[in-house]
Amino acid sequence: MCISKHLHSALPPNWQVRVSQKYDREYYFNTVTRESRWDPPTLSPQLGAKHILAKHRGSRRPSSWREENITRSESEAHDIITGYLNDIEQCDNAEDKDKMFGDIAEKFSDCSSAKRGGDLGRFERGAMQKPFEDAVLALKPGEISKPIKTDSGVHIILRTH
């Protein structure tokens, strides 16, 4: 019992311990990413990012909170994301870029993280699709990626941690 309490107090931000009704055992739940797992999350160095996603008809799930059936092409999604990136790059400083990034994400991102300004919180290596993670790793905190294609659609990413 002492070990369990110690582990619970050392959880990374946004993680909670819950009890599975089906299996009657504890599991770990991330309140930001909605990830659940049996094994405790580690306190290892984590990545952090915000993103803006434009899905297209070839996305693994071509629907979003904004649009039930997304019919745009991948090329159109890429053009949309490029337009957002161009708008953000017109800002004079990092603070304005961050604000504009969040504002665009809230209004136009096809990801449910839109309600948090595109903020995905902190996550460990291996938690995201490889092209997304590789893009985050190539950025320094505060930098914004070029458009990135994943199975989910086309993104721009702002590294936060």
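Helices (H or I, at least four residues) and strands (E, at least two) are DSSP runs, numbered from the N terminus. The views below come from a predicted model, in which local features need pLDDT of at least 70 and side-chain atom pairs count only at pLDDT 80 or more, while totals for chains, interfaces and linings use all residues. Residues are numbered from 1 along each chain as its sequence is written, and side-chain values use heavy atoms, with hydrogens and water left out.

View 1. Of the 32 lining residues, Thr 33, Arg 60, Cys 111, Leu 120 and Met 128 are the closest to the pocket's centre. Strand 4 (47–54) and strand 5 (119–123) are the elements that each give two or more residues to this lining, and strand 5 gives the most, with three. (On a 1 Å grid over the protein atoms alone, a pocket is an open set of points where a 1.4 Å probe fits, with protein on both sides within 12 Å along at least five of seven lines; lining residues have an atom within 4 Å of a point.)

**View 2. Ser 109 in the loop between helix 3 (94–108) and strand 5.** Ser 109 is buried, at a relative accessible area of 0% (buried means under 20%, exposed over 50%, partly exposed in between, with a 1.4 Å probe and protein chains only). Its side chain reaches the backbone nitrogen of Cys 111 at 3.3 Å. Beyond its neighbours within four places in sequence, Ser 109 has contacts that include His 51, Trp 65 and Ala 114 (heavy atoms within 4.5 Å).

**View 3. The salt bridge of Arg 37 and Glu 124.** The two side chains meet at 3.6 Å, N to O (a salt bridge is a side-chain nitrogen of Lys or Arg within 4 Å of a carboxyl oxygen of Asp or Glu). Arg 37 belongs to strand 3 (residues 36–37) and Glu 124 to the loop between strand 5 and helix 4 (130–138), so the pair ties together parts that are 87 residues apart in sequence. Arg 37 is partly exposed at 26%, whereas Glu 124 is buried at 16%.

**View 4. The salt bridge of Asp 98 and Lys 50.** The closest N and O atoms are 2.9 Å apart. Asp 98 sits in helix 3 and Lys 50 in strand 4, so this pair ties together parts that are 48 residues apart in sequence. Asp 98 is partly exposed at 32%, and Lys 50 is buried at 14%.

Technical notes: Polar contact = N/O pair within 3.5 Å; in protein donor to acceptor, adjacent residues only side chain to side chain.
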